[in-house]
Amino acid sequence: MTTLSRHQQQLVNNSIKLIQSAFERHPAHNIAISFSGAEDVILIDLMSQLEQRCEVFSLDTGRLHPQTYRFIETVRNHYDLPIKIVMPDSNDVAELVQQKGLFSFRNDGHEECCAVRKINPLRSKLAQLDAWITGQRIDQSVTRTELAEVHMDGVFDGRNGDLEKFNPLANWRSADVWDYIHARQVPYNPLHEQGFISIGCEPCTRAVAPHEHERAGRWWWESATHKECGLHRQNLIAHG
Ligand code: SF4
């Protein structure tokens, strides 16, 4: 079994403290963890070590891998935790598909489809909250060179306007994530064993070679600096 280094244990302690601070600043029922079905299951594992719980939600774009759907169910059972599935507006999806087909993102870029399937439903969900907790990390993207652990969301509004965003894994590197997963025997998406690192929708995610950046597997037909889906884009340089 993997043992965490002193530095990694410190990362874990800091992350738990950050989640705890979210509970101290906001009522638990107005906070939610955003779980993507990839390695940010660590957020759920960290919360399981606290007395308080908040809602966990996952965006179902309708285009996820079958393995991801099964993994979400595995996590639900492993932690005995209800996971709210947030879906896009069916009329908006139907209109997009009718007008542009099922793979419009290949020609038009991913923004339009991501807006319909991810951003709009996320916006509606976040508008019910005071704060959200994400698994965003600095090392996940070539565009994420700065990322505060806590800051006001620069993209989305909360229940009363401001929405506070907590990124407890901001300073974790990929190796820290995997050492933690093995040390705590945290469930993970089986796609990771097939060369997938950053996992999103099935048509927009592919496995990467060992020497490639993990985001090389997302929207690979677009340039590296356009690989944010909009969920976090404007928050990357915001500081708390
Ligand atoms: S990742 Fe691809 S399929 Fe998923 S919402 Fe974005 S463009 Fe659409």
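The model is a predicted one.

First, the overall picture. The protein has seven helices and six strands, and from the N terminus on they run α-β-α-β-α-β-α-α-α-β-β-β-α. For 240 residues, a compact globule would have a radius of gyration near 18 Å, and the protein agrees with that at 17 Å. The C-alpha trace spans about 50 × 45 × 35 Å along its principal axes. Of the 240 residues, 38% count as buried.

Now helix 3, residues 66-78. Which residues of helix 3 are buried? They are T68, F71, I72 and V75. Seen down the helix axis, these buried residues fall within an arc of 105 degrees, so they line one face of helix 3. Their cover includes helix 2 (41-47), strand 2 (55-59) and strand 3 (83-86). On the other side of helix 3, P66, E73 and N77 are exposed. Just after the helix, D80 takes a positive phi of about 50 degrees.

Last, the ligand. There are 13 residues around it, and H110, C113, C114, C201 and C204 come nearest. Helix 6, residues 111-126, gives the largest share of that shell, with four residues. By class, the shell has seven nonpolar, three polar and three charged residues.

Terms used: Residues numbered from 1 in each chain as written. Predicted model: local features only at pLDDT ≥ 70, side-chain atom pairs only at ≥ 80, totals over all residues. Near = placed C-beta within 6 Å. Helix = DSSP H or I, 4+ residues; strand = E, 2+ residues; numbered from the N terminus. Nonpolar A, V, L, I, M, F, W, Y, C, P; charged D, E, K, R; others polar. Buried ≥ 20, exposed ≤ 12 C-beta atoms within 10 Å, placed from the backbone. Arc of directions from axis to C-beta. Contact = placed C-beta atoms within 7 Å. Rg over C-alpha atoms; globule rule 2.2 N^0.38 Å.
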